[in-house]
Amino acid sequence: LIQKKYEEGSEDVKNQIFNKLKDDIYPLSKDVFGNYAVQKILDEKDNDKNQYIVKSLKSKFMDLTTHMYGCRVVQKILDVVSVETIDEIAKELSPDYTRCIEDQNGNHVIQKLIEKFNDKQREELIDVILDKVFEFSIHQYGCRVIQKIFDYCSDDERIKILKQINNPKSIIELCQDQYGNYVIQHLLETKKGENCNDIYNALKGRIFDMAIHKYASNVIEKCLNNGTKEQKDSLINEILSKNDNVHDSLITLVKDKFGNYVIQKMI
């Protein structure tokens, strides 16, 4: 009801509602219902009101970022405030970037920051990520941040990040990890064909074993979706020449709970 009245009310009504709520912005932001009221005010993009909200939450952004409901308010703030204000919030969070990245709620705020950051603002976050690319990639929440940063960083930054995991050992481990496989799949989708030669090369000689692996089989399917004709042919031919009895190899895959999906994708 409060949200509806605020959305449809006159400027006077909006001011009255805001004046009633403004001293309780912080507890409202952490409330299961109250956070929606704060988001509604922010949605109106009234600069004065939004600046008041940001000011009232100063020094509390880390607490909100890792809070189930508070993180939604922080994300909304990042959507509507200026670059300068985003910078202020980022500076408050930056000493705890790693904690945010690995937090169930905080990772969503970090992803929003990645979307909103300019190149200069992104540098400090990139430095934190560079130290733990592999660790974040196999983390339940960190893997989401790694995927997001690939979409928004510059080519030079992307190369720096990839250097940390762009070796056969890391690629295979990521393919077989319950979270890391999503990072590899994302690279296959976004980099495409020839730009993913390192991934295809790391998989050579292991395709059959990967095809029957719970997580790696998803990577093989993604390879079949996004590779060049040569890459797909090489992958399929490796499966077909697994041993002298092609029939046995195919039957094994067809009857396997993961491998059968690879065969379907091959078809």
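Leaving aside its neighbours within four places in sequence, K191 is in contact with L162 and C196. The model is a predicted one. K191 belongs to helix α16, which covers residues 180–191.

The largest nonpolar core contains 77 residues, and I77 and L203 are the ones with the most contacts inside it. For L203, the residues touched are I172, C175, M210, V219, I220, C223 and E238, when residues up to four places away in sequence are not counted.

Helix α19 (residues 216–226) and helix α22 (residues 259–266) have axes that come within 9 Å and cross at roughly 5°. Angles under 35 degrees count as roughly parallel, and α19 and α22 are therefore roughly parallel to each other. On the α19 side the contact is made by S217, I220, E221, L224 and N225, and on the α22 side by Y261, V262, K265 and M266. Sorted by class, the residues in this contact of α19 with α22 are 5 nonpolar, 2 polar and 2 charged.

The axes of helix α4 (residues 34–43) and helix α5 (residues 47–56) come within 8 Å, with a crossing angle of roughly 140°. An angle has to be over 145 degrees to count as roughly antiparallel; α4 and α5 are therefore oblique to each other. Here V38, I41 and L42 of α4 meet K49, N50 and I53 of α5. The contact of α4 with α5 has 4 nonpolar, 1 polar and 1 charged residues.

T66 lies in the loop between α6 (61–65) and α7 (70–80). Is T66 buried or exposed? Buried means under 20% relative accessible area, so T66, at 16% relative accessibility, counts as buried. A polar atom of the T66 side chain lies 3.4 Å from the backbone oxygen of D63. Not counting residues up to four places away in sequence, T66 touches R99, D103, N105 and G106.

Definitions and conventions
Residues are numbered from 1 along each chain as its sequence is written. This is a predicted model: local features need pLDDT of at least 70, side-chain atom pairs count only at pLDDT 80 or more; totals for chains, interfaces and linings use all residues. Side-chain values use heavy atoms; hydrogens and water are left out. Axes are lines fitted to C-alpha atoms, for helices over the stretch in contact, and angles run from 0 to 180 degrees between N-to-C directions. Helices (H or I, at least four residues) and strands (E, at least two) are DSSP runs, numbered from the N terminus. Angles under 35 degrees count as roughly parallel, over 145 as roughly antiparallel, 65 to 115 as roughly perpendicular and the rest as oblique. Contact means heavy atoms within 4.5 Å. Ala, Val, Leu, Ile, Met, Phe, Trp, Tyr, Cys and Pro count as nonpolar, Asp, Glu, Lys and Arg as charged, and the others, Gly among them, as polar. A nonpolar core is a set of buried Ala, Val, Leu, Ile, Met, Phe, Trp, Tyr and Cys residues joined through side-chain atoms within 4.5 Å. Buried means under 20% relative accessible area, exposed over 50%, partly exposed in between (1.4 Å probe, protein chains only). A polar contact is a pair of N or O atoms within 3.5 Å; within protein, one must be able to donate a hydrogen and the other to accept it, and residues adjacent in sequence count only if both atoms are side-chain atoms.
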